[in-house]
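Good morning, everyone, and thank you for coming.

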Amino acid sequence: MTYESPWMSDDLRMFRKTARQFIQEKFVPNHARWCHQHRPDPEAWTQAGETGILLADVPEEYGGGGTFAHEAIVIEELAQAGVNFGSGVHSIVAHYILSYGTKEQKSKWLPAMSRGELIGAIAMTEPSAGSDLQGIKTVAKRDGDSYVISGSKTFITNGALGNLVCVAVKTDPKAVGLKGMSLIVVETKDLAGYRVGRSIEKVGRHAQDTCELFFDDVRVPASHILGPTEGKGFSQMMEQLPYERLAISVGAIATAEQAIAITAQYVKERMAFGKPLLEFQNTRFKLAECKTEAHIGRVFVDNCIERFLAGKLDPVTAAMAKYWVTDCEFRVIDECVQLHGGYGYMAEYPIARMWADSRVERIYAGTNEIMKEVIGWSL
Ligand SMILES: Cc1cc2nc3c(=O)[nH]c(=O)nc-3n(C[C@H](O)[C@H](O)[C@H](O)COP(=O)(O)OP(=O)(O)OC[C@H]3O[C@@H](n4cnc5c(N)ncnc54)[C@H](O)[C@@H]3O)c2cc1C
């Protein structure tokens, strides 16, 4: 069965070749060490920038020049290589700046982000506010030409290396519900009052740096708000979440496909009762189910990519993709672990790492329960 995504082109095939070669040569050999140190090397970011795989889908004048299809290829190649690298989050930050930034903000931050000199992080979650963002307590008080930010954030991807953090704050703590929320971009280098906490020990995705961030009366220029005015933060997040949720679906389906490929190979080689595992009907049936589910997911994700490229991906469909595809990914990988027997539980086996790495996809960027709420409201 040969299937190729309908959005593929010669240009994109060339781009995939470049991305794959770079990831295999520069990331894969270092990944075990990154896992150990809980973050990639900082140079990995500038090397990725030089290769052209960062912010591929922002306009050329800001260092990109491609479309979301280019971004999807980078996500797929990272997923297939099993590399945890926070370029997806980096792109999400760039798209907030691209969509709501002034000309000055875009020119100042986006080209440096595309070179990997500035590394983006997005800081919404707090210890007492994850799904329910109304509960955030971080405040930004206007003081002359500055905002003074106080509070803390947790579970922030690219937290340690990130030096351009898009922070969700309350600019009007008295406003009801989500109305007083704004997004402020913080340049963290040598910033008084800003502190990165410990790297949080996770079950998987060990190479992706995930940290707590502390803001102790941090003063930033008032011009760093993504506006044009205060109080737009929640609607900006709602508008951008389809991008994030689609990106996660793209990585999830590529990981499921890779898990099936690895497992199909394994069951041809592993012998039991005098024959390869593939010769047991249960093995073939389980892999047949996995392949079918992954293909359904692939076709849906491709359809979402096409809709996104046409400017027509709505938040409900993006939520459907995020929920169904990440659930599908985990079902598939769990079956693949089972087919590996005890070796599927050994950390040195890629399938075991995929299992641990993929679990979080059903939790972050809005839990799958919240996705079902979003879909449910549309009914
Ligand atoms: C590895 C990792 C990386 C992350 N990276 C980032 C990042 O870069 N930036 C960032 O801001 N955040 C990040 N997060 C945070 C992530 O987005 C939150 O963990 C997620 O939104 C869930 O919030 P919570 O953990 O507070 O869970 P809670 O909101 O406490 O949810 C607990 C459970 O209750 C359920 N629940 C909550 N509300 C409802 C409801 N209304 N209906 C039904 N069920 C509900 C949830 O679905 C879940 O099952 C990351 C998290 C992880 C684990």
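This is a predicted model: local features need pLDDT of at least 70, side-chain atom pairs count only at pLDDT 80 or more; totals for chains, interfaces and linings use all residues.

Let me begin with T367, where a polar side-chain atom lies 2.7 Å from an oxygen atom of the ligand, which is a polar contact, meaning here a pair of N or O atoms within 3.5 Å. Residues are numbered from 1 along each chain as its sequence is written, and side-chain values use heavy atoms, with hydrogens and water left out.

Of the 980 Å² of accessible area that the ligand has on its own, the protein covers 63%, as calculated by the Shrake-Rupley method with a 1.4 Å probe. Altogether 18 residues surround the ligand, each having a heavy atom within 4 Å of it.

Now to the charges: how many salt bridges does a search of the whole structure find? It finds 22, where a salt bridge is a side-chain nitrogen of Lys or Arg within 4 Å of a carboxyl oxygen of Asp or Glu. One of them pairs R298 with E76, with the closest N and O atoms 3.2 Å apart, and this pair links distant parts of the chain, since R298 is in helix α8 and E76 in helix α4, 222 residues apart. R298 is buried at 5% relative accessible area, where buried means under 20%, exposed over 50% and partly exposed in between, with a 1.4 Å probe and protein chains only; E76, at 3%, is buried as well.

R298 also forms a salt bridge with D302, at 3.4 Å between the closest N and O atoms, and D302 is buried, with 0% relative accessibility. Salt bridges that share partners join R16, R20, E76, E77, E257, R298 and D302 into one network.

Finally, the cysteines: the count of disulfides, pairs of cysteine sulfur atoms within 2.5 Å, comes to zero. C35 is in no disulfide, because the nearest cysteine sulfur, that of C211, is 15 Å away. The sulfur of C336 is 4.7 Å from that of C290, the closest cysteine sulfur, and so too far for a bond.

Key:
A polar contact is a pair of N or O atoms within 3.5 Å; within protein, one must be able to donate a hydrogen and the other to accept it, and residues adjacent in sequence count only if both atoms are side-chain atoms. Helices (H or I, at least four residues) and strands (E, at least two) are DSSP runs, numbered from the N terminus.
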